[in-house]
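This report walks through a few local features of one protein model, taking a helix, a set of rings and some strands in turn. Please keep the sequence and the structure in view while reading.

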Amino acid sequence: MKALGTKQLKTKRLVLREFRKEDIQSVYENYGSDPKVNRFISFAPCANLDSTKDFIAMHLQQYETNPSFYGWAITLNDEVIGSIGLFNVEEESEQCELGYSLGSRWWGNGYTTEAATEVLSYAFEQLKCHRIYASHHIDNLASGKVLVKIGMKEEGILRDAQKNMDGTFSDLRLYAKLSTDE
């Protein structure tokens, strides 16, 4: 698996690019502080302006120092509407995890599917990844639909795999796609 870093990617409607310092306000307002976005996740890294500044600073530092870091701002008409990334990169086993968030104002337009399709293409074709996996909160049916649309296959349920922000636990539904899948 190659370590190429976060390269700008373009789709029909979106540009996936590195975060910039000037993105702090739009990240916070457009999805970071959105309770609908944060409903199904275990932590909200951009729930306030200070944590959003830290989130952006971490990305900027990783872009400079870690060629195996893949974190994109999802932009529409140069406005940040979400984020997408490849995490838990395991170069020896040629696999990684896909994760994404999109502001609720943009749900239902196919943007997440479009961004995820492009990231998977980059991972399989450029990075030479063999397996990409993703999971979603058992009740987040829309995220499951995205994973099916991008060609991932369900692998099972991870019981109590997520500790929620309120201290409860939730099951996660696991999906994966292989470079050899059609």
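## A helix and its surroundings

Asn48 caps the N-terminal end of helix H3, where a side-chain oxygen of Asn48 lies 3.1 Å from the backbone nitrogen of Asp50; a polar contact is a pair of N or O atoms within 3.5 Å, and within protein one must be able to donate a hydrogen and the other to accept it, while residues adjacent in sequence count only if both atoms are side-chain atoms. The model is predicted, so local features need pLDDT of at least 70 and side-chain atom pairs count only at pLDDT 80 or more, whereas totals for chains, interfaces and linings use all residues. Residues are numbered from 1 along each chain as its sequence is written, and side-chain values use heavy atoms, with hydrogens and water left out.

Helices (H or I, at least four residues) and strands (E, at least two) are DSSP runs, numbered from the N terminus. H3 covers residues 49-65, 17 residues in all, and reaches 24 Å from its first C-alpha to its last, close to the 24 Å expected at 1.5 Å a residue; the expected span is 1.5 Å times one less than the number of residues.

Which residues of H3 are buried? They are Ser51, Thr52, Phe55, Ile56, His59, Gln62 and Tyr63, where buried means under 20% relative accessible area, exposed over 50%, and partly exposed in between (1.4 Å probe, protein chains only). Seen down the axis of H3, these buried residues fall within an arc of 140°, so they line one face of the helix; the arc is that of the directions from the helix axis to the C-beta atoms. On the other side of H3, Asp50, Asp54, Glu64 and Thr65 are exposed. The cover over the buried residues of H3 includes strand S2 (15-17), helix H1 (24-32) and strand S3 (70-76).

Thr75 has its place in strand S3 and counts as buried because its relative accessibility is 2%. A polar atom of the Thr75 side chain lies 2.7 Å from the backbone oxygen of Val15. Leaving aside neighbours within four places in sequence, Thr75 is in contact (heavy atoms within 4.5 Å) with Arg13, Leu14, Val15, Arg17 and Val80.

A search of the whole structure finds 5 aromatic pairs. Rings of Phe, Tyr and Trp (its six-membered ring) pair if their centres lie within 6.5 Å; planes under 30 degrees apart count as stacked, over 60 as edge-to-face and the rest as tilted. Two of the pairs are set out here.

| Pair | Centre to centre | Angle between planes | Kind |
|---|---|---|---|
| Tyr70 and Trp72 | 6.3 Å | 25° | stacked |
| Trp72 and Tyr122 | 5.8 Å | 90° | edge-to-face |

Ring pairs link Tyr70, Trp72 and Tyr122 into a cluster. Trp72 counts as buried at 0% relative accessibility, and Tyr122 is buried with a relative accessible area of 6%.

## Paired strands

S3 and strand S4 (residues 79-90) pair in the antiparallel sense over 7 bridges; two strands pair if DSSP finds at least two bridges between them. The bridge partner of Gly71 is Gly85 in S4. The hairpin of S3 and S4 has 2 residues between the strands, and in that hairpin Asn77 takes a positive phi near 55°.

S4 also pairs with strand S5 (residues 95-102), in the antiparallel sense over 7 bridges, and Leu86 stands opposite Leu98 in S5. In the hairpin of S4 and S5, with 4 residues between the strands, Glu94 takes a positive phi near 55°.
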